[in-house]
Amino acid sequence: TQQKTIPGYTYGTGEAARSPVTLDELARLKESVLLGPADEAALHQAGTVLADQVEDVLDVWYGFVLAHPFLVAYFSTPDGQLIDDYQRRVRARFGQWILDTCNRPYDQAWLDYAEEIGLRHTAAKKNATDDAPSVPLINLRYLIAFIVPITVTIRPFLARKGHGPDEVEAMYQAWFKAVTLQAALWSRPYIAGDAW
Ligand code: HEM
């Protein structure tokens with residue numbers, strides 16, 4: 001499902017982290033966000049709906065970030081200069097993530113890349129992939145809060161291909177569950193030991 005070679009995108013390679021989360025724990029988290037087989041089907045449908053809209057979705061999300069200086073800061077140098085190259089490279093991986101969220105099986109490789117994405121938001125790996133001279137981490141509270149904009153802004157795109165209201169709602173709810181599931185997984189490297 002990968003469209004082209006994307007700098008720094010290491011899904012399914014030995015360069016990505018290994019997740020310490022077990023597939024059993026992943027199954028329990030999926031149950032906790034009510035993500036079941038019908039949602040998986042709805043996600044696949046969303047994948048076809050979103051496939052040719054990825055750049056438009058990214059325009060909305062980056063527009064949201066760029067409209068808020070406290071968010072732009074995470075793509076900037078410590079003294080507040082936006083790092084254009086960093087922003088562009090991350091954007092390409094973000095686009096691929098939209099498709100991966102819809103199309104990939106949530107297996108060991110997916111779990112491993114979830115750990116990698118989590119790490120890339122923390123001090124352990126932020127900036128390393130792109131050698132970016134940016135601030136050291138993304139604060140966890142924003143990672144959690146972002147579930148809302150990443151979810152609500154997707155709805156108009158899901159409705160744009162002529163599906164009925166029930167189908168759009170099913171895709172929307174499945175997307176919400178998939179994003180929340182990943183935010184839960186991405187929180188892991190922020191949190192030491194048993195507390196996660
Ligand atoms: C990286 C999604 C929250 C800033 C990424 C990537 C994805 C992503 C898919 C690229 C992963 C890869 O390298 O393959 C999300 C989602 C979020 C979220 C779904 C919340 C639900 C945030 C927040 C910020 C942020 C709140 C702050 C503005 C960044 C930055 C990177 C990044 C700066 C690059 C990290 C690096 O240096 O590698 N995010 N993100 N993200 N995100 Fe987020």
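## Close-up views of an all-helix chain

**View 1. Leu181, a buried residue of helix 10.** Let's start with Leu181, which is found in helix 10 of this predicted model. Is Leu181 buried or exposed? Leu181 counts as buried because 21 C-beta neighbours lie inside 10 Å, and the cut-off for that label is 20 or more. Setting aside neighbours within four places in sequence, Leu181 is in contact with Leu29, Lys30, Val33 and Leu35.

View 2. Helix 1 spans residues 23-32 and is hardly covered. How many of its 10 residues are buried? The count is 1. While you are here, look at Leu34, which follows helix 1 and has a positive phi, near 60 degrees.

**View 3. The whole chain, for orientation.** The chain has 10 helices and 0 strands, so the elements simply run α-α-α-α-α-α-α-α-α-α from the N terminus on. The radius of gyration is 16 Å, close to the 16 Å that the globule rule gives for 196 residues, so the chain is as compact as a globular protein of that length. Along the principal axes, the C-alpha atoms fill a box of roughly 50 × 35 × 30 Å. Buried residues make up 24% of the 196 residues. Among contacts with a separation of 6 or more, 79% join residues 24 or more positions apart.

**View 4. Helix 2 crossing helix 10.** How do helix 2 and helix 10 lie, and what angle do their axes make? The axes of helix 2 (residues 37-50) and helix 10 come within 8 Å and cross at roughly 105 degrees. The two helices are therefore roughly perpendicular to each other, since angles of 65 to 115 degrees count that way. On the helix 2 side you will find Asp39, Ala42, Leu43, Gln45, Ala46 and Val49, which meet Ala170, Met171, Ala174, Trp175, Lys177 and Ala178 in helix 10. The residues of this contact divide into 9 nonpolar, 1 polar and 2 charged.

**View 5. Helix 2 against helix 5.** Helix 2 also packs with helix 5, at an angle of about 145 degrees and with the axes 7 Å apart. Leu43, His44, Ala46, Gly47 and Leu50 of helix 2 make the contact with Ile98, Leu99, Cys102 and Asn103 of helix 5. By class, these residues are 6 nonpolar, 3 polar and no charged.

**View 6. Leu158 in helix 9.** Leu158 sits in helix 9 (residues 155-158). Leu158 is buried, with 22 other C-beta atoms within 10 Å. Beyond neighbours within four places in sequence, Leu158 is in contact with Ala46, Val49, Val168, Met171 and Tyr172. For Met171, the separation is 13 residues in sequence and 7.1 Å in space, C-alpha to C-alpha.

**View 7. The shell around the ligand.** Which of the 26 residues around the ligand come nearest? They are Arg93, Trp97, Arg120, Tyr142 and Phe146. At least two residues of the shell come from each of helix 5 (84-103), helix 6 (108-121), helix 7 (140-145), helix 8 (147-152) and helix 10 (165-186). Helix 5 gives the largest share, 4 residues. By class, the shell has 18 nonpolar, 4 polar and 4 charged residues.

Key: Residues are numbered from 1 along each chain as its sequence is written. This is a predicted model: local features need pLDDT of at least 70, side-chain atom pairs count only at pLDDT 80 or more; totals for chains, interfaces and linings use all residues. A residue is near a molecule or strand if its C-beta atom, placed from the backbone, lies within 6 Å of it. Ala, Val, Leu, Ile, Met, Phe, Trp, Tyr, Cys and Pro count as nonpolar, Asp, Glu, Lys and Arg as charged, and the others, Gly among them, as polar. Axes are lines fitted to C-alpha atoms, for helices over the stretch in contact, and angles run from 0 to 180 degrees between N-to-C directions. Angles under 35 degrees count as roughly parallel, over 145 as roughly antiparallel, 65 to 115 as roughly perpendicular and the rest as oblique. Two residues are in contact if their C-beta atoms, placed from the backbone, lie within 7 Å. The radius of gyration is taken over C-alpha atoms; the globule rule is 2.2 Å times the number of residues to the power 0.38. A residue is buried if 20 or more other C-beta atoms lie within 10 Å of its own, exposed if 12 or fewer, and partly exposed in between; C-beta atoms are placed from the backbone.
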